[in-house]
Amino acid sequence: MVTIKSQREIKLMEAVCKCVAKFYELLEKEIKEGMSTFELDKKAEQIMRNLGCTPAQVGYDPGIRGVPPYMHSTCISVNDEVIHGIPVKNKILKNGDIVSIDTVLLKDGFNGDAARTFVVGGKTSKDAQRLIDVTKQAFFEGIKFAKPGFRIGDVSHRIGEFVKENGYSVVREFEGHGIGREMHEEPEIPNYGKAGRGIRLEPGMTLAIEPMVIQGKPNILELDDGWTIVTEDGSLAAHYENTILITENEPKILTI
Ligand code: MF3
Ligand code: CO
């Protein structure tokens with residue numbers, strides 16, 4: 001069932017999502033060459049707690065046999081890692097690395113979800129920077145259709161087409177989702193698909209739209225840790241996500 005949030009619930013979604021926006025603003029300043037992804041995750045947790053939120057991803061159980069619950073505040077995916085990178089002490093950031101960070105914050109019973117791809121040291125190759133820019137732009141292209149009168153498939157289709165037009169691939173195995181009291185609610189929001197399909201968008205829906213984009217072929221692999229997703233061809237990947245609110249008019253981006 002797709003939940004339509006009440007005015008009171010929307011206020012709480014706005015509050016937690018504002019923390020997510022502030023979280024990334026503060027976290028970006030902490031990303032430095034020489035630090036491990038484990039250390040960065042610890043900084044992230046401290047920032048969340050200082051903002052009065054808890055890390056919703058800790059203890060998250062995907063409900064898949066043999067896959068352990070997720071035990072960290074953030075997912076940190078470096079270069080050819082696409083999503084769900086587990087923070088570890090032996091993964092050291094280097095200048096020019098592209099680092100996708102994904103997190104969900106919880107406050108007063110509501111979840112806010114966003115992801116960003118950052119560049120360690122601020123400068124990377126032209127190709128890597130273009131990948132990051134196109135991934136972010138794909139989100140903004142997609143949400144042009146995130147309003148009454150359109151369907152989920154219209155958003156999905158536009159994201160997929162935009163990525164393809166730019167010579168990249170979208171990940172097909174993972175998708176965006178509804179969000180609220182639960183981190184993952186209906187509907188599923190793929191980053192590709194047919195226009196005009198899926199449920200109609202209605203005011204009061206809160207959705208996490210999250211293009212995951214690969215420089216090369218769309219194929220992915222899962223590492224033995226049961227979480228980390230990498231590109232099969234070793235090419236780079238980027239991720240950009242925000243939680244949005246469907247309104248009568250343009251969508252409201254809650255996590256910026
Ligand atoms: N934040 C992710 C999403 O965008 C979920 C990550 S899975 C977790 O949906 F186990 F890390 F929580
Ligand atoms: Co999400």
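**Strand pairing, a buried methionine and a helix contact**

In this predicted model, strands E7 (residues 176–178) and E8 (residues 185–189) pair in the antiparallel sense over three bridges. Two strands pair if DSSP finds at least two bridges between them; strands (E, at least two residues) and helices (H or I, at least four) are DSSP runs numbered from the N terminus. Six residues form the hairpin that joins E7 to E8. Glycine 176 has isoleucine 189 of E8 as its bridge partner.

Methionine 212 belongs to strand E10 (residues 212–214). Because its relative accessibility is 1%, methionine 212 counts as buried (under 20% relative accessible area; exposed is over 50%, partly exposed in between, with a 1.4 Å probe and protein chains only). Leaving aside residues up to four places away in sequence, methionine 212 touches, among others, Val82, Ile83, Phe174 and His239, contact meaning heavy atoms within 4.5 Å. Methionine 212 and tyrosine 168 lie 44 residues apart in sequence and 10 Å apart in space, C-alpha to C-alpha.

The axes of helices H1 (residues 7–28) and H2 (residues 37–50) come within 10 Å and cross at roughly 140°. H1 is therefore oblique to H2 (angles under 35 degrees count as roughly parallel, over 145 as roughly antiparallel, 65 to 115 as roughly perpendicular and the rest as oblique). Axes are lines fitted to C-alpha atoms, for helices over the stretch in contact, with angles from 0 to 180 degrees between N-to-C directions. Phe23, Leu26 and Leu27 of H1 meet Leu40, Ala44, Ile47 and Met48 of H2.

Residues are numbered from 1 along each chain as its sequence is written, and chains are lettered from A and ligands numbered from 1 in the order in which they are written. Local features need pLDDT of at least 70, side-chain atom pairs count only at pLDDT 80 or more, and totals for chains, interfaces and linings use all residues, while side-chain values use heavy atoms, with hydrogens and water left out.
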